[in-house]
Amino acid sequence: MTNVFLIRIDSPIGRLEIVGDDDAVTGLSIERDGLLPHDAEPERSNALLERARAELIEYFAGDRTDFDIPVRLVGTPFQQAVWAELERLTWGEATSYGALAAAVGKPGSARAIGGAVGANPVPIIVGCHRVLASDGRITGYSGGNGIPTKLWLLGHEQIGFAA
């Protein structure tokens, strides 16, 4: 059986909860309405999650533009293809749902792409906030408090968007 570890950190967008095992971060949740999924559970840290904590603190301070910690993204083959494209995006770089659809060989599937982006288990580290509509508008965000959280992350990375 794999050991599961859990830590929480404060951030400018609310508390974050990071879950992982001995080898990878497997989940990151952003506080919504004052709650995190595992609030009732005690923290149980390991070296990997301490490294994740340090990298996230550096990111929010503006001192880190990419993450080195390993992540394990569990999902369907389609979701994994979308998430692999998200992992290619770098600090300050945005893409569109349509461009992601084309990149995974499913042109015209922007709605399905949106579902896969929204199901990303490790937001921020795998930058799903960097996905915009084809005209540059913000269409939604499933993490934290939704669009206000996405607006903060886009502003932090100086990613422009259409109003």
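Reader: Is Glu85 buried or exposed?

Author: Glu85 counts as buried, at 18% relative accessibility. Buried means under 20% relative accessible area, exposed means over 50%, and partly exposed is in between (1.4 Å probe, protein chains only). Bear in mind that this is a predicted model: local features need pLDDT of at least 70, side-chain atom pairs count only at pLDDT 80 or more, and totals for chains, interfaces and linings use all residues. Residues are numbered from 1 along each chain as its sequence is written, and side-chain values use heavy atoms, with hydrogens and water left out.

Reader: Which side chain meets Glu85 in a salt bridge?

Author: That of Arg88, at 3.2 Å, N to O. A salt bridge here is a side-chain nitrogen of Lys or Arg within 4 Å of a carboxyl oxygen of Asp or Glu. Arg88 and Glu85 both lie in helix α2, three residues apart, about one turn of the helix. Helices (H or I, at least four residues) and strands (E, at least two) are DSSP runs, numbered from the N terminus.

Reader: And Arg88, buried or exposed?

Author: Arg88 is exposed, because its relative accessible area is 56%.

Reader: How many salt bridges does the count come to?

Author: The count comes to 15 salt bridges. Arg130 and Glu157 form one of them, at 2.7 Å from N to O. Arg130 lies in the loop between α4 and β5 (131–132) and Glu157 in the segment after α5, so this pair ties together parts that are 27 residues apart in sequence. Both Arg130 and Glu157 are buried.

Reader: What does Asp68 form a salt bridge with?

Author: With Arg64; the closest N and O atoms are 3.2 Å apart. Asp68 is partly exposed at 47% relative accessibility, whereas Arg64 is buried at 14%.

Reader: Which residues are linked in a network of salt bridges?

Author: Arg8, Arg15, Glu17, Glu31, Asp39, Glu43, Glu50 and Arg53.

Reader: Switching to aromatics. How many aromatic pairs are there?

Author: The structure holds four aromatic pairs. In Tyr59 and Phe60, the ring centres are 5.2 Å apart and the planes sit at 75 degrees, so that pair is edge-to-face. The rule takes rings of Phe, Tyr and Trp (its six-membered ring) with centres within 6.5 Å; planes under 30 degrees apart count as stacked, over 60 as edge-to-face and the rest as tilted.

Reader: What about Tyr59 and Trp91?

Author: Tyr59 and Trp91 also form an edge-to-face pair, 5.6 Å centre to centre with 75 degrees between the planes. Tyr59 lies in helix α1 (residues 47–61) and Trp91 in the loop between α2 (77–88) and β4 (95–96), so the pair ties together parts that are 32 residues apart in sequence. Trp91 counts as partly exposed, at 24% relative accessibility.

Reader: Which residues do the ring pairs link into a cluster?

Author: Tyr59, Phe60, Phe67, Trp91 and Trp152.

Reader: Now the core. How many residues are in the largest nonpolar core?

Author: That core has 37 residues, and those with the most contacts inside it are Leu16, Ile18, Leu28, Leu56, Leu86, Val117 and Ile124. Helix α1 gives the most to this core, with six residues. A nonpolar core is a set of buried Ala, Val, Leu, Ile, Met, Phe, Trp, Tyr and Cys residues joined through side-chain atoms within 4.5 Å.

Reader: What does Leu16 touch?

Author: Its contacts (heavy atoms within 4.5 Å) include Ile7, Leu28, Leu56, Phe60 and Ile124, not counting residues up to four places away in sequence.

Reader: Last topic, backbone. Which residues have a positive phi without being glycine?

Author: Asp33 is one, with a phi of about 55 degrees. Gln158 is another, with phi near 60 degrees. Most residues other than glycine have a negative phi.

Reader: Where do Asp33 and Gln158 lie?

Author: Asp33 lies in the loop between β3 and α1, and Gln158 is in the segment after α5. Asp33 is exposed at 66% relative accessibility. Gln158 is exposed as well, with a relative accessible area of 71%.
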